[in-house]
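Good morning, and thank you for coming. Please look at it with me.

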Amino acid sequence: MAAERQGGRGGAEENKENERPAGTRSDGLSDSLGLEILQIVKESQQQHGLRHGDFQRYRGYCSRRLRRLRKTLNFKMGNRHKFTGKKVTEEILSDNRYLLLILMDAERAWSYAMQLKQEANTEPRKRFHLLSRLRKAVKHAEELERLCESNRVDAKTKLEAQAYMAYLTGMLRFEHQEWKAAMEAFNKCKTIYEKLANAFTEEQAVLYNQRVEEISPNIRYCAYNIGDQSAMNELMQMRLRSGGTEGLLAEKLEALITQTRAKQAATMSEVEWRGRTVPVKIDKVRIFLLGLADNEAAIVQAENEETRERLFESLLSECRDAIQAVREDLKPDQKQREHSLESDSGKVSNIQYLHSYLTYIKLSTAIKRNESMAKSLQKALLQQQRSEEDGKRTPRPQDLIRLYDIILQNLVELTQLPGLEEDKNFQKEIGLKTLVYKAYRCFFIAQSYVLVKKWSEALVLYERVLKYAGEVQSGAGAFTNSLKELPDVQDLITQVNAEKYSLQAAAILDANDNHETESPSQVKDGKPLSERFETFCLDPSLVSKQVSLVHFPPGFQPIPCKPLFFDLALNHVAFPPLEDKVEQKAKSGLTGYIKGIFGFKS
């Protein structure tokens, strides 16, 4: 129902799109039909679900558009009671929307196949249905290519129909693992799109070049399976440059890379770190360590921040998996290690040391990722004015402070790794790195104080930055190589000195401005409005959300206590004598009791 409502909202726009001939000639010739096949496909996919990989939503859109096209063209398949099959023939090809009708049929079958491909990961039986839908898509593409051979269709549409047909054929052969046929089909598709890109303007060529880039990994994968071993290196570079592969090739390429590294890992038996050689017996750890250098190189060569961030996340995920594999082997080793000679001598076991090494890689990678994010935020701070004009969220120094807090926490965890407590050089190196990041953290805290005009606090923090930077320079003698990757403290010192002078000038100007503009009528003594009705003063807070009208809660006030009453007159009262009543009561004894029984009265 939600999909139908969504289709209903966009129905008016899509009906208008269906009513006008898409891709007709501008010179008014009615005998030439044209259809921008790739452009229509890409726009429809991006606007209706494929931006988020939702193939079911896109399939529903294709079905709704087919129904609207048939209604507009009066090309219905029977009625609600009976189905009557119709085919688009060359004789009725008077409108390019007939070509669009077949294109949407092919797209609907293709999107259903891709949806089944996602579901086939958990339900293998759906793979048969997947191949059936792909064959259906190829059949519709063949029909589209056949109709485009008509003299009524222009040359560009003919080429695009051939490329579209070759693309779907390549995908079908790829799923059947017919590598040679798939490679031929993809090469044909690539050649046509390259020719189209060279024949038109740069704006139109962008779309064709994007499709060529999508096809290239598939061609190299087919070449690798045919026997071209050099294609593996190109596939790795494509994957690393893009930060991961998407689409048809993703699962196959990841499995191939894992398989290749597993073969290489069979020859890897140990790793050396900080002067100690540790045997590596876990296959998952071997595979991770073999791909570590390639991943780090790809991060350095990343073209943009988004790709770099994706590569960092991928590396951290692989590292966490390797650490988990080591941790599972570490549990049964703990009891043995407690009674081993190594633990008595203060030296951790090999498996524990390997765990420390992987944890070091994870924390170091997290530090590099946060540092990369900090650099991008610093660039954004420099372009703050342009960002405000664009209406985007302006970065603040507080965002950088949070990143440096996380970095400092990671450095603290590094100093606590088992097996490195006695490594003085390592501890000193981490101490210098901590001073560097503390200096940058103090600098951005000072920047945040400058924004709220807290001049004295900012000046004190600037002095603290210079202190940290001086300590780094004085102790960096033997650790110059390890500190090369860190931000340069000399640039920070230069920037802080410049900021100090501008800060002092801003503080003096701010003090002078307050002294000149302040007048008795504008001074507030902190009293609420209820206590200064008789005095006029300009108080801007009266029109703000923090207006002070009365003291709330009200203060304590003394009140009289409830009085206590004492009966002082009682001490001076003389009570009447009661001796006569006491004597009468004493005479009445046994005799009086007997008399009372028998009725005698005195």
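Let us begin with a pair of strands: S1 (residues 270-273) and S2 (residues 276-279) run antiparallel and are joined by four bridges. Strands here are DSSP runs of E with at least two residues, helices are runs of H or I with at least four, and both are numbered from the N terminus. Two strands pair if DSSP finds at least two bridges between them.

Before I continue, please note that this is a predicted model, in which local features need pLDDT of at least 70, side-chain atom pairs count only at pLDDT 80 or more, and totals for chains, interfaces and linings use all residues. Residues are numbered from 1 along each chain as its sequence is written, and side-chain values use heavy atoms, with hydrogens and water left out.

Returning to the strands, Glu270 has Pro279 in S2 as its bridge partner. Two residues lie between the strands of this hairpin, where Arg274 takes a positive phi near 50°.

I turn now to two helices. H3 (residues 37-47) packs against H5 (residues 97-119) at an angle of about 50°, and their axes are 12 Å apart. Axes are lines fitted to C-alpha atoms, for helices over the stretch in contact, and angles run from 0 to 180 degrees between N-to-C directions. H3 and H5 are therefore oblique to each other; angles under 35 degrees count as roughly parallel, over 145 as roughly antiparallel, 65 to 115 as roughly perpendicular, and the rest as oblique.

From H3, Ile37, Ile40, Val41 and Gln45 meet Leu100, Leu103, Met104, Glu107 and Trp110 of H5. Contact means heavy atoms within 4.5 Å.

Also in H5 is Ser111. Is Ser111 buried or exposed? Its relative accessibility is 0%, so Ser111 counts as buried. Leaving out residues up to four places away in sequence, Ser111 touches Phe55, Tyr58 and Arg59.

Finally, Ile401 belongs to helix H17 (residues 397-415). Ile401 and Arg441 are 40 residues apart in sequence, yet 5.6 Å apart in space, C-alpha to C-alpha.

How values were computed. Buried < 20%, exposed > 50% of the residue type's maximum accessible area, 1.4 Å probe, protein only.
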